[in-house]
Amino acid sequence: MSAGGALGLEPVAAGGFGLCEAPRVTPDGTVWFSDVTGGGVFRIAPGADAIDEVLPGRRGVGGLVAHARGGVVVSGRDLVHLHDDGTTTDVSTPGDDTGITGFNDLTVDVHGWLLAGALRFRPMAGEPPVPGRVLVVAPGWVAVAVDEGVDWPNGLGLSPDGRRCYLADYAHRRVLVVDVDRDGALAEAARTWVQAPEGLSADGLAVDAEGGVWVATGQGGSVVRLDPDSGAITESLEGLAPFVSSIAFGGEDGRDVLVTTAGGEGGGTVLRGRAPVAGTPIPATIV
C-alpha cells in the first residue's frame, strides 16, 4: 500500500526537525512529539497553527506518556515529568552502578506505573549495542522487569487483555514478546515473536484494540501491522519517509494516529491520520 494508505496520513509538523520521535495524541487532540537529534519536546494544541517547544534542547527523547496530574513524562538521560508550563520534576535517574546510559521508549501498565526501556550504551555516539533491560518505575521505587533477551529496547506496548507486552529490539530487527501475569508483573525474559523481513527493522510500535501490533520499520520507510495470532503482516503503509521511527494511537475515540519520521529533503516530520480501528488505551502514569 502506498504512502498514507488507509490512514490518510498528512503532515502536521515538518521542516527544521532531525529525527522526530515519541508521538502522543491526548484525548483532547493535543499532539506531542520530540526531536531526538535536534533536541526539544514539542506540543501542538487543537486548532493551533504554531508548534510550541515546551522543553527546548533536550535530546534523546524516545518516549513520552501522559501524566495523571497533567503534562507528560519524557525519557532521555533520565526520566522527568514535564509540566504544562515547561518546568520539570525528576522521576528517575539511573544510578552510576547500573550501567544505564539513558531511557528510550515508554508505556504505562494497569497500575499507572511506567515501563521504560533502558539503554546500556550510547547509540548516537556509535557505540555497539549491549544488553539492555526494561524497568518498572512506580512511586518511590524502581525494579527490573525484563533483564534477558533484549539489546536495544525500543517500542513498548501491551496487548488489549494486558497479558502480553510487545517490545521492539532495534539491534536485531525483531519484535519480542514478554508474558504478563494477572497482577501485571512482567516475566524476566523476552522471546522473539516476529523477525523483521530483510530491509525492515523494528523501532516504535503501538497496539490496536483488536490486538494488531503496528510497527515502524526504521530504514524500511514504512509502518506494518502484525496479526496478533500469527505475527504475519496484514497491512503495510510504504514510502512514508527514508526512516520511520514510531507510531501512536490516541485522540477522543482512540482512532487518531501519529507517525514520526526522519530523513529526506524535508527532514523529520510528524504525520497524522485516522485509523479504521482504535488503539489500545494507554493510561496516564501516576509516578
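User: Is W113 buried, exposed or partly exposed, and what is its relative accessible area?

Analyst: This is a predicted model, in which local features need pLDDT of at least 70, side-chain atom pairs count only at pLDDT 80 or more, and totals for chains, interfaces and linings use all residues. Residues are numbered from 1 along each chain as its sequence is written, and side-chain values use heavy atoms, with hydrogens and water left out. Buried means under 20% relative accessible area, exposed over 50%, and partly exposed in between (1.4 Å probe, protein chains only). W113 has a relative accessible area of 22%, so it is partly exposed.

User: Which residue forms an aromatic pair with W113, and how are the planes placed?

Analyst: Rings of Phe, Tyr and Trp (its six-membered ring) pair if their centres lie within 6.5 Å; planes under 30 degrees apart count as stacked, over 60 as edge-to-face and the rest as tilted. By this rule there are 9 aromatic pairs. W113 pairs edge-to-face with W141, at 5.0 Å centre to centre and 80° between the planes. W141 is likewise partly exposed, at 38% relative accessibility.

User: Why is the pair of W152 and Y170 edge-to-face?

Analyst: The planes of W152 and Y170 stand at 65°, with ring centres 4.8 Å apart, so this pair is edge-to-face. W152 is buried at 19% relative accessibility, and Y170 is buried at 17%. Ring pairs also link W152 and Y170 with F121 and F243 into a cluster.

User: How are the strands arranged in the open sheet?

Analyst: Strands of a sheet pair through backbone hydrogen bonds, either parallel or antiparallel. Strands are DSSP runs (E, at least two residues), numbered from the N terminus, and two of them pair if DSSP finds at least two bridges between them. Here 4 strands follow the order β18-β19-β20-β21, with antiparallel pairing. β18 (205-207) and β21 (233-237) each have a single partner strand, so one side of each is left without a neighbour in the sheet. Between β19 (residues 213-216) and β20 (residues 223-226) there are 4 bridges; V215 has V224 as its bridge partner in β20.

User: How many residues has the largest nonpolar core?

Analyst: A nonpolar core is a set of buried Ala, Val, Leu, Ile, Met, Phe, Trp, Tyr and Cys residues joined through side-chain atoms within 4.5 Å. The largest has 16 residues, and those with the most contacts inside it include L7, V223 and I247. β22 (243-250) is one of the elements that give two or more residues to this core, and its share of 3 residues is the largest. A second, separate core has 15 residues, among them V134 and L156.
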